[in-house]
Amino acid sequence: MNKFTRLEGVAAPFLRANVDTDMIIPMTRLVGTTRADIEASGFALFRFNKDGTENPDFALNQPAWKGAPILLAGDNFGCGSSREAAVWALAGMGIRAVIAPSFGDIFYNNCFQNGVLPVELPIEAIEQLAEEMRAAPGNARVTVDLERQIVVSPRGREMPFKVEANRRDALLQGLDDIGVTLTHQDAIAAWQAKDRAARPWVWLKA
């Protein structure tokens, strides 16, 4: 998993509330689709017209926000069904951080397993960020600094955010849950050897 330390880039404003995981990646787009192809269907409901052409009204289709690594979102982003592919779709589109007032619990957890940082800020702060981005479209930049746990606006305003320490450390090192477990590999091997000697009957013979 890619490390997340400090990200600076365009922040696309998409402040719609209650965007659920089916809106991020429709279930119908997952059938017969590889993970590498999921990006093509991210935000399909908003991104494309019925004839398959791009919807020019959707923020991420507009020249100023296209390819933005940061998404400014509305309340309860990523709610709905448990669907890790929703985070895959965002990551595949190049989005490494989502700033929202709140997130769906499972989506929030899935972000940390896939190198995407979910940042919670008050809606007023996010609206101000969106205003600063729109004031200089294509030129303004937002910084998300996980080491310092702050978001820096295009005008230099610093806004602190909180992340659980273990999740912060794992992202800084680029580790998902399996990666974190493997950092304890020596201790695991020592325990296995001790338990194998004490209870050989519970271990299958190689």
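**A walk through the chain**

Of the chain's 206 residues, 44% count as buried, where buried means under 20% relative accessible area, exposed over 50% and partly exposed in between (1.4 Å probe, protein chains only). What you're looking at is a predicted model, so local features need pLDDT of at least 70 and side-chain atom pairs count only at pLDDT 80 or more, while totals for chains, interfaces and linings use all residues. Residues are numbered from 1 along each chain as its sequence is written, and side-chain values use heavy atoms, leaving out hydrogens and water.

Let's start with the overall picture. The C-alpha atoms fill a box of roughly 70 × 40 × 25 Å along the principal axes. Inside it you'll find eight helices and eight strands; these are DSSP runs numbered from the N terminus, with helices being H or I of at least four residues and strands E of at least two. Take the contacts (heavy atoms within 4.5 Å) between residues at least 6 apart in sequence: 64% of them join residues at least 24 apart.

Now for a sheet. Strands of a sheet pair through backbone hydrogen bonds, either parallel or antiparallel. Here, four strands make an open sheet in the order β1-β6-β7-β8, and the pairing is antiparallel; to count as a pair, two strands need at least two bridges found by DSSP. β1 (6-9) and β8 (158-160) sit at the edges with a single partner strand each, so one side of each has no neighbour in the sheet. On average, neighbouring strands of this sheet are turned by 15° against each other, direction ignored. Zoom in on β7 (residues 150-152): three bridges join β7 to β8, antiparallel again, and V152 stands opposite E158 in β8.

On to the helices. α3 (residues 85-92) and α4 pack at an angle of about 50°, with their axes 9 Å apart. These axes are lines fitted to C-alpha atoms, for helices over the stretch in contact, and angles run from 0 to 180 degrees between N-to-C directions. That makes α3 oblique to α4, because angles under 35 degrees count as roughly parallel, over 145 as roughly antiparallel, 65 to 115 as roughly perpendicular and the rest as oblique. Who does the touching? A86, V87 and L90 come from α3, and F107, N110 and C111 from α4.

Just after α6, G174 takes a positive phi of about 75°.
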